[in-house]
Amino acid sequence: MSSLARPSTTTIIAATVGTLVTGFVAYAIYFDHKRQTDPEFRKALKRESRREARIARTQAEAQGAQQKETIKAAVEAAKEEGFPTDVEDKEAFFMTEVARGETLCQDGSDQVEAALCFYKALKVYPQPSDLISIYDKTVPKPVLDILAEMIATDPSISVGRFGGSDGGSQHGIDD
């Protein structure tokens, strides 16, 4: 009989894990030392970091340009669809679009579509500047920013001064 015992499976696993952890720690120490002492290595890391930042910035600009085109197309499509002219139709259209916009805001699924709903409601509202101040308090900021871009692309919306008052005379306050 042999007096040598085979190592257990747990001993083999523990030794393997210990070796891997030791290798990882040694690599981390080597990398840190190289980063601190080698100027070329530091420069290469900075170059890589700048390159990644430039790529991210370019992608963000491209996405912003694409979103602006999507917004323009959505506004043009809404104009082509037309808006109701009858008072009752305008009121029903307004309520429907505001409800759809609120639902889409809560879902968070499509911010451009939510802003488009609010834009359509704004187009049929008699006092757009009053409605904008309400939107400012109730609509999430990202959707409000998209709505602002939509309003900027449509010169037919007269927003005037925010709040819609001209010295208070509309609200029963005389000068």
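Helices here are DSSP runs of H or I with at least four residues, numbered from the N terminus. Axes are lines fitted to C-alpha atoms over the stretch in contact, and angles run from 0 to 180 degrees between N-to-C directions.

A word on the source. This is a predicted model, where local features need pLDDT of at least 70 and side-chain atom pairs count only at pLDDT 80 or more, while totals for chains, interfaces and linings use all residues. Residues are numbered from 1 along each chain as its sequence is written, and side-chain values use heavy atoms, with hydrogens and water left out.

Now, the helix pair. H3 (residues 87-107) packs on H4 (residues 111-124) at about 160°, axes 8 Å apart. That makes H3 roughly antiparallel to H4 (over 145 degrees). The contact (heavy atoms within 4.5 Å) includes Phe93 and Arg100 of H3, and Glu113 and Lys120 of H4.

Next, salt bridges: a side-chain nitrogen of Lys or Arg within 4 Å of a carboxyl oxygen of Asp or Glu. The structure holds 11. One joins Glu113 and Arg100, at 2.9 Å, N to O. Glu113 sits in H4, Arg100 in H3, 13 residues apart. Glu113 is partly exposed at 26% relative accessible area (buried is under 20%, exposed over 50%, partly exposed in between, with a 1.4 Å probe and protein chains only). Arg100 is partly exposed too, at 33%.

Which residue does Glu81 meet in a salt bridge? Lys120, at 3.4 Å, N to O. Glu81 lies in helix H2 (residues 39-81) and Lys120 in H4, so the pair ties together parts 39 residues apart in sequence. Glu81 is exposed, at 59%. Lys120 is buried, at 8%.

Last, a network: salt bridges link Glu76, Lys79, Lys123 and Asp154.

Methods:
Helix = DSSP H or I, 4+ residues; strand = E, 2+ residues; numbered from the N terminus. Parallel < 35°, antiparallel > 145°, perpendicular 65-115°, else oblique.
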